[in-house]
Amino acid sequence: MKQASVKERVCRNCKRIVSDDTCDVCGSTNLASTYQGLLIVLKPESSEIATLLKIKKEGYYAVKVK
Ligand SMILES: [Zn+2]
């Protein structure tokens with residue numbers, strides 16, 4: 001089976017889904033290629049789950065990082 005052309009990875013530090021080698025939120029290079037669940041944060045300031053996960057920037061986040 002063929003892999004997707006854009007390789008998605010997840011920051012182990014803040015769980016943000018990134019397509020680069022560095023996380024654009026916390027600057028970490030500790031990325032995982034396997035994750036479970038997808039969390040879309042549109043308004044971090046008014047989202048309970050974002051507050052709980054300490055997410056301050058909108059975007060895509062993984063629920064669980066392996
Ligand atoms: Zn990060």
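## Nonpolar core

A nonpolar core is a set of buried Ala, Val, Leu, Ile, Met, Phe, Trp, Tyr and Cys residues joined through C-beta atoms within 7 Å, where a residue is buried if 20 or more other C-beta atoms lie within 10 Å of its own, exposed if 12 or fewer, and partly exposed in between, with C-beta atoms placed from the backbone. The largest such core in this model comprises 9 residues, namely Val10, Cys11, Cys14, Cys23, Leu31, Ile55, Tyr61, Ala62 and Val65. Two or more of these residues come from each of the elements β1 (9–11) and β5 (59–65), and β5 contributes the most, with 3 residues.

Leaving aside residues up to four places away in sequence, Ile55 touches Val41, Pro44, Ala50 and Tyr61; contact here requires C-beta atoms, placed from the backbone, to lie within 7 Å.

## Basis of the model

This is a predicted model, in which local features need pLDDT of at least 70 and side-chain atom pairs count only at pLDDT 80 or more, whereas totals for chains, interfaces and linings use all residues. Residues are numbered from 1 along each chain as its sequence is written.

## Elements and overall dimensions

The chain has 1 helix and 5 strands, in the order β-β-β-β-α-β from the N terminus; helices (H or I, at least four residues) and strands (E, at least two) are DSSP runs, numbered from the N terminus.

The C-alpha atoms fill a box of roughly 40 × 25 × 20 Å along the principal axes. Buried residues account for 17% of the 66 residues, and among contacts with a separation of 6 or more, 38% join residues 24 or more positions apart.

Conventions: Contact = placed C-beta atoms within 7 Å.
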